[in-house]
Amino acid sequence: MSTPGLLNASDSFVTRDILQNASKPRLQALYSDFSRQRESNPTSFHANIDWWRRALVALVNSGNQQEGEAKEVSRLVLQADRSLLERLKLERIGKPLAIGAVVNELCSTKALMSLPEFMSARISIYDSGWLPYRIASFVVGRPLWWALGQIGVIGDENVSSSSQRDDWYGEYVLMELLEKAADTVMALQEAKMTGPADALYTLEDFRKSFASIFDPVKQTLLSGTDTKIIIKFLERERKTLVVDNGLVKFVDRNGPSDERMITTVDHGILELKSAISSLRNVVEAIQTKIDGNTKKATSALKQKQKSLALSYLRSRKQLGEVLQKRLASLATLESTMITIETATGDVQIMKSYEASASTLRSILSHPSLQRTNIEKTMDALAEANHAAQEVDDAIRIGGDVALGTNFDEDEIEDEWKALVQDIEANAETTLTPELPQVPLIPPRRIHSDESERVPLPTR
């Protein structure tokens with residue numbers, strides 16, 4: 001059952017679909033202070049927490065956390081403060097009274113993580129040996145009345161709504177959105193990876209190159225905060241890139257250690273890559289100016305302003321000469337980049353050859369593959385086969401004697417030949433039977449008068 005009329009024009013709460021799929025009593029329950037249900041009704045409590053998790057994910061993912069047009073909008077960080085309460089406010093429902101409990105619970109389950117804590121963590125947040133400082137600060141930093149309330153010294157009637165306190169205020173990284181963003185970045189990087197230069201970025205290049213991960217249509221530039229968060233996550237948790245003085249390099253997490261660091265060669269390649277990119281922008285700008293002068297000269301000719309048209313043409317000619325020089329420089333730089341990438345590929349190939357040769361030498365150096373050992377092994381194998389044949393012959397002869405089947409093989413062979421000859425002789429007799437002898441009668445001449453007297457057969 002939907003609840004029409006709960007959203008007004010000022011509401012940009014992007015969980016609109018979630019809200020419209022909830023009944024009014026359900027929304028009232030979600031917007032009430034259900035924090036006390038953690039102990040009394042844990043099933044309902046966790047269901048409400050999960051609903052708010054999905055709602056906050058939708059809100060942050062939309063980029064509509066803040067009113068108006070902000071310079072930079074984070075798509076990974078939840079701004080949890082009093083403005084969030086106003087943002088989630090609904091007509092005839094009010095503000096979510098348990099939003100503080102929601103934030104604290106999501107932090108305890110690692111669905112949310114404090115931004116300062118995330119950026120300052122030295123080991124992976126997924127490390128089983130990581131003792132989250134946030135848990136200690138969460139417990140120790142609670143007001144005394146909260147602790148007293150937990151042990152029953154203070155009744156629930158004296159505990160204020162979690163939304164009325166500010167202990168949950170802060171900036172929180174939504175781990176679900178961060179993991180999806182990291183997966184998208186790695187997919188885009190693998191698709192464009194053709195050479196060593198494609199693995200290197202400045203921070204600004206990184207923001208531009210992966211601007212499509214949140215909005216493929218608008219491709220809004222990544223915010224500085226989101227860029228730092230993604231890079232930190234890929235470096236510390238995924239171990240798929242390294243950072244050094246503003247240089248970002250994608251690496252193979254399973255590769256050798258010498259390839260998982262930024263070298264002077266990487267700095268040189270990145271400088272060359274930046275020079276090529278800058279020169280391309282210069283070429284495009286010059287071409288734009290040339291096109292503009294052409295249009296202006298054409299317009300001046302139509303207005304019969306010859307001197308002005310000639311001025312534009314002179315400028316176009318000068319720009320054309322500059323363009324040719326810049327194009328030549330660009331071709332040289334691009335050719336150099338191709339040579340560097342080819343040489344880098346050759347280095348990788350030679351490393352593969354060396355590793356293969358080393359592996360083969362290691363295998364061949366095994367004692368079992370030495371020539372003397374091979375000869376001994378083969379001789380021993382021949383002796384073993386001969387002994388096995390002797391044992392087999394002895395067993396077969398002994399079995400024949402025991403069964404009384406010890407015959408002379410030569411006699412059996414002679415009997416077999418005789419049997420074959422008898423069969424062949426019988427076969428020839430069967431195929432060519434003797435026919436009876438036909439008597440030979442000499443021919444007799446028949447006279448003409450005798451032929452006339454031949455009696456006719458009677459019926």
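How many residues does helix H13 have, and how far does H13 reach from its first C-alpha to its last? Helix H13 (residues 264-302) has 39 residues and reaches 57 Å, close to the 57 Å expected at 1.5 Å a residue. The expected span is 1.5 Å times one less than the number of residues. Helices (H or I, at least four residues) and strands (E, at least two) are DSSP runs, numbered from the N terminus.

The model is predicted: local features need pLDDT of at least 70, side-chain atom pairs count only at pLDDT 80 or more, and totals for chains, interfaces and linings use all residues. Residues are numbered from 1 along each chain as its sequence is written, and side-chain values use heavy atoms, with hydrogens and water left out.

Buried residues of H13 include Asp266, Ile276, Ile290 and Ala300. Buried means under 20% relative accessible area, exposed over 50%, partly exposed in between (1.4 Å probe, protein chains only). The buried residues of H13 pack against strand S4 (200-202), strand S6 (247-250) and helix H14 (306-364), where contact means heavy atoms within 4.5 Å. Just after H13, Lys304 takes a positive phi of about 60°.

A search of the whole structure finds 11 aromatic pairs. Rings of Phe, Tyr and Trp (its six-membered ring) pair if their centres lie within 6.5 Å; planes under 30 degrees apart count as stacked, over 60 as edge-to-face and the rest as tilted. The Phe34 and Phe45 rings are edge-to-face, because their centres are 6.0 Å apart and their planes stand at 65°. Phe34 is buried, at 1% relative accessible area. Phe45 is also buried, at 3%.
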